[in-house]
Amino acid sequence: MQNAALARQFDQIAAYLELAGDSIFKIRAYREAASAIADYPGPIEDADLKAIEGLGAATMAKSREWFKTGKIRVLEELKAQYPAGLLEVMRVPGLGPKKVQLLWKEKDIDSLAKLQAALDANELDKVAGFGPKTRDNLKTALRRLGELTARTPLPDATNTATKILIALAQVAPDTHIEIAGSVRRGADTVGNINFVASSDTPAPLLDAFAALPLFEAVLTRDETSIKARLHDGVEAELVVAPPSRFGTQLWFSTGSRAHIEGIEAPPAFASEREVYAHLNADYIPAELREGRDEWQLARAHSLPKLIETSDIRGDIHTHSTWSDGVASIRQMAQAMSERGYAYFAVCDHSKALAMTNGLDAFRVREQAHEIAEVQADFPHLKIFRGIECDIMRDGSMDLDDEVLSELDFVVGSVHSAFNLPLVEQTDRIIRAIRNPHVDLIGHPTGRVLGIRPPYDVDVPALIEAAKETGCCLEINASERLDLKDDYARATREAGVLLCINTDAHGPRMLPNMSFGVATARRAGCEAKHVLNTKSLDEMLAWMGKRK
DNA sequence: GCCGTTTTCGGCCCGACTGTTTTCAGTCG
């Protein structure tokens, strides 16, 4: 299955063409080809490429070239033409293709390090377009980018961990191997990826680990453990323990440090359950092992019965091709149905987000017809009419109350004016919470892991307002994980309902639900704390009460 | 580059903000 690898080739071509200032439509075509390949359900190398929407003559030829030679000439030429570091520089907010080209040509800046050095040495003062404000913004942006990229987002780390597990399973099919560390605990970002294997003969396993092509270099190795670095810089560690000590090792390798600290080291046990029994505690789920109150609760037999992904009955915040989604309502319905959901809501963007072809009142009503048509073919899946309506700068909604009142679900989200002062940003969102049509605030702090920090907002004040109106707050399960665990915990404690949504722009994103559930588990949530664990009947009753 | 067609080119993704211009280019969502 080479889908991801081929898709990456086209994404890279798109990135270089963007840098080169090529046509936005051409760039988009490459990105759509990449997306189509990544989304293709079977091995792309066996697919009938002509039948895949989004692939044309050019991308098909390049795909075949890659199957045959392992390379795409156009991409190799682009790589030769532009230093790879320029793509990194492009990631700095405020720097687009034009400015990156200018910095490269005039100041030979082709890496983040050189950009930082130039800023520190005040070398950009004379470059056209780089006034004092821009230079200042760049310094802040660079610092933030450093903080944001220091750790890997949970979804990426989980995907990598799974790849490593699959690769190991091929070499050692009978060995029990578990993911440990912060990935297992469901932390929103991850420093490194940990594994524990159960075996009396570590050497072959360590050899196999060292030989995985995913790794760039082996960093350390002893008799029972090995640490290696992936191509993207992330480090992965495997510890091999004999079966009789596997549980204790898994417990140690899962952590967290705060959870383990002050606990007398347990003797060798085969399972973690025995470890906790030995410590006179109930089994503590990995997501709660953060050194909060979990030991107290576990000893008092009063740990929560944490929500499971299987408790989720539907997805409330999803997109379709009516705005910037990649799948039709019918395709989304099919995917939801296959996941066994009882319902989902189509919540495309509203008109203020023009770039996504957001819906105005007219198109909202047009969409209702298509939803009704698709609904007729899915008797066991309720399709709700919804919208992800922009919260404008002043806190008003992008669509009139009259239109909003026709919809089953209104998700209110901020997609503009991220830099408002704390009080203004908070008041803006509270105004949306107080709009009786708004059922849910989408990604309430606006962060995107590894890309954008949250905007300044007083989350406890949002929770208070939501408590007054019965509005829910979202745990966005995609690359945002927003609300984050601490805020989700405060929301639950305030008695405000959370709603875990994938914000899926295509079927491929539906499995992200588990990351949102992990966040909810870290917040100590049971099923009853989350809106979309309700059965269809319960949900309809809840909606009825809100009207 | 892809797509669809009143078949082989023209449309596709637009509006707001920011900082720097001295009348708007570049970036972003």
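**Exercise 1. Asn-532**

Task: Find which backbone oxygen lies 2.6 Å from a polar atom of the side chain of Asn-532.

Solution.
- Step 1. The backbone oxygen belongs to Ile-500.
- Step 2. The side chain of Asn-532 also reaches the backbone oxygen of Gly-314, at 2.9 Å. Polar contacts are pairs of N or O atoms within 3.5 Å; within protein, one atom must be able to donate a hydrogen and the other to accept it, and residues adjacent in sequence count only if both atoms are side-chain atoms.
- Step 3. Asn-532 sits in the loop between α22 (513–522) and α23. Helices (H or I, at least four residues) and strands (E, at least two) are DSSP runs, numbered from the N terminus.
- Step 4. Asn-532 counts as buried because its relative accessibility is 0%. Buried means under 20% relative accessible area, exposed over 50%, and partly exposed in between (1.4 Å probe, protein chains only).
- Step 5. Beyond its neighbours within four places in sequence, Asn-532 is in contact with residues including Asp-311, Tyr-343, Cys-499 and Met-539. Contact means heavy atoms within 4.5 Å.

The model is predicted: local features need pLDDT of at least 70, side-chain atom pairs count only at pLDDT 80 or more, and totals for chains, interfaces and linings use all residues. Residues are numbered from 1 along each chain as its sequence is written, chains are lettered from A and ligands numbered from 1 in the order in which they are written, and side-chain values use heavy atoms, with hydrogens and water left out.

**Exercise 2. Helix α23**

Task: Decide which residues of helix α23 (residues 536–546) are buried, and state what covers them.

Solution.
- Step 1. The buried residues of α23 are Met-539, Trp-542 and Met-543.
- Step 2. Viewed down the axis of α23, these residues fall within an arc of 100°, so they line one face of the helix. The arc is taken from the directions from the helix axis to the C-beta atoms.
- Step 3. An α-helix has 3.6 residues a turn, so residues three or four places apart point the same way.
- Step 4. The exposed residues Asp-537 and Lys-545 are on the face of α23 turned away from its buried side.
- Step 5. The cover over the buried residues of α23 includes the strands β8 (314–318), β9 (343–349), β10 (382–390), β11 (409–413) and β13 (472–476).

**Exercise 3. The five-stranded sheet**

Task: Give the strand order of the open sheet of five strands and describe how β6 and β7 pair.

Solution.
- Step 1. The order is β2-β4-β7-β6-β5, with mixed pairing. Two strands pair if DSSP finds at least two bridges between them.
- Step 2. β2 (176–180) and β5 (215–221) are the edge strands, each pairing on one side only.
- Step 3. β6 (residues 225–230) and β7 (residues 235–241) pair in the antiparallel sense over five bridges. Ala-228 stands opposite Ala-236 in β7.
- Step 4. The hairpin of β6 and β7 has four residues between the strands, and Gly-233 takes a positive phi near 95° there.
- Step 5. β5 and β6 also pair in the antiparallel sense over five bridges, and their hairpin has three residues between the strands.

**Exercise 4. DNA strand B**

Task: State how many residues surround DNA strand B and which helix gives the largest share of the surface near DNA strand B.

Solution.
- Step 1. DNA strand B is surrounded by 34 residues. Near means that a heavy atom of the residue lies within 4 Å.
- Step 2. The largest share, six residues, comes from α2.
- Step 3. A polar backbone atom of Gly-94 is 2.6 Å from a phosphate oxygen of DNA strand B.
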